[in-house]
Amino acid sequence: MKIGLLGGAVLAAALITSNFASAETRVTYKSAKSTSSYYQMAVQIAEAMKKGSNGDIILTVEESQGSVQNVKEVAARTGNYVFTTPPVLVKLAQKGKAMFEGKTNPKYDEIRALFPIPSLTMHFVMRADSDVKTFEDLAGKKLLIGKGSFGAKEGAKYIKLFGLEGKVNIANVELGSSVAALKNKQIDGFVTAGSYPAPNVIEAAATTPITLISLTDEQVKQTKRTKLMIPAGTYQGVDAATETTSLPVVAYTTTQMDDATAYALTKTYWSQKAEMGANHPWWNAVSGAMLANVYGKLHPGALKYYDEAGIEVPAALR
């Protein structure tokens, strides 16, 4: 009789453990380089998902070499794969253009959006004593734009676009040296792309009086990027709003994820966003209005949440 009771207890414990295990949802979240702000965001999302779901959702953050890799891995990934990328790369993958030319895959058509995350925001950071207030003022100045990154490519593009090619002295050093170089007056300014408030700009403003170059509406239009306003007071000493450009970034998954999981991920993300923003201000710039920047279709599970929450969804995403 005692053996039977013991066996029953063991069986009950096993069933309880099994139920808990089956309730736990595991998700792979492919992010960016471990040194980037987007990797930091991924860790914050993972912590928020675990807390907001009482441990039912476990995100495993994976480092990547960039958004193109994240999209390409859709071809081989199975299960609950979530990745971050600018929506334009999803468009290029599905249409087989640019870096996806000749490398089309039917699985790219299975990509579905979940939620927007902070945008890549262009910052043109200048020493306050450089007297640079507009792009035209950059002529004759020494500017660090970095190498290989989105910010470096955009910085070079804008210099050419606004007629400054050959007129600006480009510092041939890595972006990681920017704060020290600015402080030591080795450069007049630097270009960086990161969700605001960007850590390297915060650091620069803490040691050196800075200004940010504000684009005009016409210049924003020329860049063909999304307009974004960095609020006044975001950085120490920058007391006016800064008009600049941004590249939207979105968390995507595929149709392999079931509706219940996509719904839970999306709902938990939005329910935890305010708390994330209290500790990490770059989340405060994210709103439901940013769904307008998404390319492709929303996952049905995510769409269910947006409809329940009364968040306006563009018709093209349905």
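Where does Lys-224 lie? I looked, and Lys-224 sits in the loop between α8 (217-223) and β9 (226-230). Helices (H or I, at least four residues) and strands (E, at least two) are DSSP runs, numbered from the N terminus.

**Ground rules.** I am reading a predicted model, where local features need pLDDT of at least 70, side-chain atom pairs count only at pLDDT 80 or more, and totals for chains, interfaces and linings use all residues. Residues are numbered from 1 along each chain as its sequence is written, and side-chain values use heavy atoms, with hydrogens and water left out.

Most residues other than glycine have a negative phi, and most peptide bonds are trans. I found that Lys-224 is not a glycine, yet has a positive phi of about 65 degrees. Lys-224 is exposed, at 74% relative accessible area. Here buried means under 20% relative accessible area, exposed over 50%, and partly exposed in between (1.4 Å probe, protein chains only).

I then checked Asp-131. Asp-131 is not a glycine either, and its phi is positive, about 60 degrees. Asp-131 is in the loop between β4 and β5 (142-144). With a relative accessible area of 55%, Asp-131 is exposed.

Next came a cis peptide bond, from Tyr-196 to Pro-197, with omega near -5 degrees. I placed Pro-197 in the loop between β7 (189-193) and α7 (199-207).

**Helix α4.** I listed the buried residues of α4 (residues 87-95): Pro-87, Leu-89, Val-90, Leu-92 and Ala-93. They pack against α3 (67-72), β3 (81-85), β4 (111-127) and β10. Contact means heavy atoms within 4.5 Å. Just after α4, Gly-96 takes a positive phi of about 65 degrees.

**Thr-254.** Is Thr-254 buried or exposed? Thr-254 counts as buried, because its relative accessibility is 6%. I found Thr-254 in strand β10 (residues 242-254). Leaving out residues up to four places away in sequence, Thr-254 touches Val-74, Tyr-81, Glu-110, Ile-111, Arg-112 and His-299.

**Two helices crossing.** I compared α2 (residues 37-52) with α9 (residues 259-279): their axes come within 9 Å and cross at roughly 110 degrees. Axes are lines fitted to C-alpha atoms, for helices over the stretch in contact, and angles run from 0 to 180 degrees between N-to-C directions. So α2 and α9 are roughly perpendicular. Angles under 35 degrees count as roughly parallel, over 145 as roughly antiparallel, 65 to 115 as roughly perpendicular and the rest as oblique. The residues in contact include Ile-45 and Met-49 of α2 and Leu-265 and Tyr-269 of α9.
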